[in-house]
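Please read these notes with the model open beside you. Each point takes up one topic.

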Amino acid sequence: MANNYYDPADLRKFGKISEWSEELGEKFFDYYGKVFEEGALSAREKSLIALAVAHVVKCPYCIDAYTKDGLQRGITKEEMMEAVHAGAAIESGATLVHGVQMMNKYNKLSM
Amino acid sequence: MATKSLKARHNELAETNKQLDILSGGVFADGELPRFKDKLSNIGQYPLRPKKLEIFQINVGYMCNQVCEHCHVDAGPDRKEIMTKETMQQCLDVISHTGAHTLDLTGGAPEMNPNFRWFVEEAAKVGIKDFIVRSNLTIIMANKKYNDLPDFFKEYNIHVVSSMPHYTRGKTDKQRGDGVFDKSIQALKKLNEVGYGMPDSPLKLDLVYNPSGAFLPSDQAAMERDFKKALKEDFNIEFHNLFAITNLPISRFLDYLIASDNYEDYMYSLVEAYNPAAVANVMCTNTISVSWDGWLFDCDFNQMLGLKVASKVNHIKDYNEEVLNDRNIIISQHCYGCTAGAGSSCQGTVT
Ligand code: SF4
Ligand code: SF4
């Protein structure tokens, strides 16, 4: 047993989750594969979205995977960093927009 | 970035045996990853056998004006292995009889061989259908004596295949050295000027893309689209096809993988991307590779690993196509580089 929560080598074992629940695992991987195919959005655009979301959900495996995927697709580091900022902006915006709730509550409670 | 070859640095990976040990040791020795041989056996393709010979590839020397970090040849200005006129003559004798329709000159920088132009002139007389020269582009700008190469290529209707790792400066220079990007752009412009790579031009100009790091190339068509758009918009440069080629874990690229602690992950990626459909068209099934000193190999990669063809005809002076074609191709784990994804050969995707 590794004595740390995240081991980079575990990413390679991702597929093994199907071993304990074959049907659900396979359905997930089929879906996953389909999502990232070329569609109305290009595979390249989806890769950048995935990278942004990976940062927002703070998944080190996904960050490794989609940084490499971006490199493979010839995506530049400037494009990758802008995608991360897009994710971060939405995440901080989501926090800040709750400020309105705070303001509403404050006003309601105040005379 | 190193400015000398592994050989000049006395790096242990300059020894082919050391490289072969690494390729069959580690994760492949302890069974963590399957060997290439086992993968071929699974699909009834072991031993791997050649089909009809189509491409005759000649490495006219390991000298190069560049010292790219990923180079599988370990080429550089310090390499002195250069094909002599005598060996070239032996090659010409073979070319005039071969059934191959493509002649492919590579290096190093083939243009640095002092007899390069003579050889091209003579070989062109044989009337081969597709005559390729692999030019690294910067050589055209490296010295006045090379400035007229575009015209020279045009005169002999050479099909120019050039390496261009990325359409942005930063990435190209990191892999190939400072200034390589700007010089490559200038060279491409010169090639365009004489007609190379223009939309309907018969003067073929193709680009080769190798990933600049420990990752695999993705979809060749998408990369081609991106390259075409960027080179056209930013520099008004045209070219025909883009070949996306996987870096094989040998020589300087192997050294880089090990030094950057990426070797195991890279081998995992290659094995994971193994595509059985790519096996039928790997380069060695239709190519013979000749070294600067006339030895014969299944491919340029095996040449760099010192793995001569497993045939009693193993030198150009004894060339016999029939005997040679009746051989087993020598494989090891570096071959996974040819079967990853859509597959990869010097002509790009193979499936
Ligand atoms: S990759 Fe090509 S251009 Fe670069 S050092 Fe090797 S032979 Fe020369
Ligand atoms: S490395 Fe050479 S021998 Fe191995 S599969 Fe590729 S072309 Fe064939």
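1. B:Arg117 lies over the face of B:Phe152, 4.9 Å from the ring centre. A charge sits over a ring if NZ of Lys or CZ of Arg is within 6 Å of the ring centre and within 35 degrees of the ring normal. B:Lys85 is likewise placed over the face of B:Trp118, at 4.6 Å from the ring centre.

2. A word on the basis of these notes. This is a predicted model, in which local features need pLDDT of at least 70 and side-chain atom pairs count only at pLDDT 80 or more, while totals for chains, interfaces and linings use all residues. Residues are numbered from 1 along each chain as its sequence is written, chains are lettered from A and ligands numbered from 1 in the order in which they are written, and side-chain values use heavy atoms, with hydrogens and water left out.

3. Aromatic pairs come next. Rings of Phe, Tyr and Trp (its six-membered ring) pair if their centres lie within 6.5 Å; planes under 30 degrees apart count as stacked, over 60 as edge-to-face and the rest as tilted. By this rule there are 20 aromatic pairs over all chains. In one of them, the ring centres of A:Phe14 and A:Phe28 are 6.0 Å apart and the planes stand at 55°, so the pair is tilted. A:Phe14 lies in the segment before helix 1 (17-20) of chain A and A:Phe28 in helix 2 (residues 22-35) of chain A, so the pair ties together parts that are 14 residues apart in sequence. Helices (H or I, at least four residues) and strands (E, at least two) are DSSP runs, numbered from the N terminus.

4. Buried means under 20% relative accessible area, exposed over 50%, and partly exposed in between (1.4 Å probe, protein chains only).

5. A:Phe28 also forms an edge-to-face pair with A:Phe29, with 5.0 Å from centre to centre and 70° between the planes. A:Phe29 is partly exposed as well, with a relative accessible area of 27%. One aromatic cluster is formed by A:Phe14, A:Phe28, A:Phe29, A:Tyr32, A:Phe36 and A:Tyr66.

6. Some backbone angles deserve a check. Most residues other than glycine have a negative phi, and most peptide bonds are trans. A cis peptide bond joins B:Tyr46 and B:Pro47, with omega about -5°; B:Pro47 is in the loop between helix 3 (36-42) and strand 1 (55-59) of chain B. Another cis peptide bond joins B:Gly107 and B:Gly108, with omega about 25°. B:Gly108 belongs to the loop between strand 2 (102-106) and helix 5 (116-125) of chain B.

7. Two residues other than glycine have a positive phi: B:His10, near 55°, and B:Leu137, near 75°. B:His10 is in the segment before helix 1 (16-24) of chain B and is exposed, with a relative accessible area of 72%. B:Leu137 is in the loop between strand 3 (130-135) and helix 6 (138-142) of chain B and is buried, with a relative accessible area of 0%.
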